[in-house]
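Keep the sequence and the 3D view open as you read.

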Amino acid sequence: MASSGIFIRPEVSMAVLRRLLHIVLLFCLCPPSQALELPERDGGAGATATARPAASVAPLVFANRTLFVFRAPLTGYSPAERAEGAHKRLLAVLAKPGPLLPATHAIAEGSQVLLDGAQLFLVTPADINPLAGDSTDSVATEAAATLAKALLEQREQTSLHYLLIAGALCLAATLTWTLLLHGLTRLHRWAGAWSMRLINSRLGEVRLKNVRVLDAEHYVGFMRRLVFLLIWALRLMATYLLAAFVLGKVPYTRSWGERLEGYLLDVAGGVAQSVLAALPGLLLVLVIAVLARLVVLTAASFFQRVESGELQFGWLDRDTAGPTRRIANVVIWLFALAMAYPYLPGAQTAAFQGVSVLVGLMLSIGASSIVGQGASGLILMYARALRKGEYVRIGESEGTVVELGLFNVSLRTGLGEEVTLPNAWVLGQTSKNYSRAYPGTGFVLDTTVTIGYTTPWRQVHAMLELAAGRTEDIAATPKPYVMQLALSDFYVEYRLVAYATVQTPRQRADVLNQLHQHIVDVFNEYGVQIMSPHYQRDTPQPQVVPQEQWHLAPAAPPPQAETTNTAARDAA
């Protein structure tokens with residue numbers, strides 16, 4: 001208890017004593033005149049250092065160059081105060097006569113940066129980035145080299161001889177830049193006119209059946225824009241180089257010029273490094289593409305021989321050689337793409353992989369119907385249900401197969417129409433192939449009539465065969481024949497089947513038209529009506545044909561039947 005009546009606790013007094021002892025030891029071990037770069041104060045170099053709050057990083061700038069960046073406080077001085085003190089010490093050294101030689105000195109607390117033996121600032125471990133491989137010695141050495149450049153540039157700023165030479169060089173560079181821009185303008189005009197003449201002459205030679213297939217206007221406009229962009233890129237590059245050169249010749253802005261040159265070199269170096277790094281992969285991709293192309297050409301030669309009939313190879317024939325060749329090409333190129341994918345530039349990046357996944361997802365979702373159509377087309381091709389040039393009937397469509405593709409079948413009807421049928425739909429329909437009823441070229445054609453029961457069926461057969469015989473382009477072999485398809489309630493349904501030697505659907509329609517005309521004429525000649533009878537009530541006489549009328553003209557009775565009839569008449 002003090003005499004004033006104030007009680008001081010023992011733990012508080014011990015804390016105060018420890019704080020005072022810490023301050024005394026700090027000043028004894030690190031005096032300002034040896035190790036620390038304390039800012040100049042009104043109280044002189046021996047002013048008491050007080051604790052100050054930490055501030056943000058502060059650069060030390062001299063002659064438009066950043067010598068060092070203070071990042072951490074030191075003995076209570078913020079980075080800004082450290083930078084201010086270092087700048088004052090630098091100005092003080094410059095005010096004295098001397099050689100102005102920068103140097104570094106390593107001490108326990110870090111590395112000192114000296115000028116003519118006087119300390120400017122201290123690089124501490126807290127000011128560097130050890131993870132980047134920096135050390136206090138390397139950072140201090142770099143700061144001393146930058147200081148040497150700044151001192152040299154400061155001397156050059158006051159040298160009239162150097163400024164005159166630099167001005168002359170800048171003026172020469174500006175004149176060269178002006179001439180270069182003028183030359184680029186003339187080059188722009190010449191390149192535009194030359195490209196237009198070249199495109200017009202080259203595209204005029206691209207003809208198909210003596211008709212130009214390419215319009216030069218689109219290509220001329222594209223080439224004009226391309227030349228315009230290239231010329232402006234060269235102008236901007238020339239301006240960039242001029243700015244870097246001029247800034248580099250002026251001592252105060254030399255650091256800016258070095259930054260421009262360094263940025264350009266970094267970009268060019270990065271591009272060159274990327275190109276060099278991608279060359280081995282691109283070389284492997286090229287080798288894979290060449291090998292795939294060689295395999296495709298070999299397979300194409302093999303399949304062409306099969307298609308031409310020169311080579312017979314088991315299950316592979318002329319009809320399946322074409323689709324098999326296309327499938328083999330797709331498989332070969334997909335395999336080559338899978339092999340070359342890891343070697344493509346940027347294939348390992350997340351963006352490239354994301355785009356690949358997106359494309360695969362779009363194909364899997366949007367191409368499901370296309371895959372189904374392709375699978376149906378392959379089934380039709382390998383099942384040999386249809387062939388190009390055959391006359392078929394698919395559903396309600398009838399005509400010649402003009403194209404059997406991977407996704408659809410095209411038919412040419414007798415009316416000149418072209419009907420396109422999806423392969424999946426064709427596979428689900430009943431198909432009739434009229435070209436395979438008899439070997440050789442041509443088509444099978446048929447027609448149906450319904451005749452009442454009072455007409456002898458032998459007479460109907462004979463009349464239909466007679467009408468077929470009168471029709472041109474109906475072959476005598478195989479012989480036309482008639483079949484009774486149904487015995488309906490009021491009539492008999494007859495079908496005439498004949499073979500036409502024509503090869504196009506239009507001619508087949510004409511042959512069928514002529515056959516119908518001859519059928520009408522023949523039935524009229526023999527007094528037989530083609531109308532199908534329908535009865536509201538039964539007639540008193542039975543609707544039958546007497547035996548003596550079975551062979552009415554033009555039907556002829558067989559020889560045995562004639563002998564039997566003659567004997568019966570003689571006996572009577």
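A nonpolar core is a set of buried Ala, Val, Leu, Ile, Met, Phe, Trp, Tyr and Cys residues joined through side-chain atoms within 4.5 Å. Buried means under 20% relative accessible area, with a 1.4 Å probe and protein chains only. This is a predicted model: local features need pLDDT of at least 70, side-chain atom pairs count only at pLDDT 80 or more, and totals for chains, interfaces and linings use all residues. Residues are numbered from 1 along each chain as its sequence is written, and side-chain values use heavy atoms, without hydrogens or water.

Q: Which residues touch the most other members of the largest nonpolar core?
A: Leu-464, Tyr-494 and Phe-523 do, in a core of 29 residues. Strand S11 (443-452), H11, strand S13 (491-500) and helix H12 (505-525) each give two or more residues to this core. S13 gives the most, seven.

Q: What is Phe-523 in contact with, leaving aside its neighbours within four places in sequence?
A: Contact means heavy atoms within 4.5 Å. Phe-523 meets that with Ile-451, Val-460, Met-463, Leu-464, Val-528 and Ile-530.

Q: Which residues does the second, separate core include?
A: Leu-60, Leu-90, Leu-100 and Val-139 are among its 24 residues.

Definitions and conventions: Buried means under 20% relative accessible area, exposed over 50%, partly exposed in between (1.4 Å probe, protein chains only). Helices (H or I, at least four residues) and strands (E, at least two) are DSSP runs, numbered from the N terminus.
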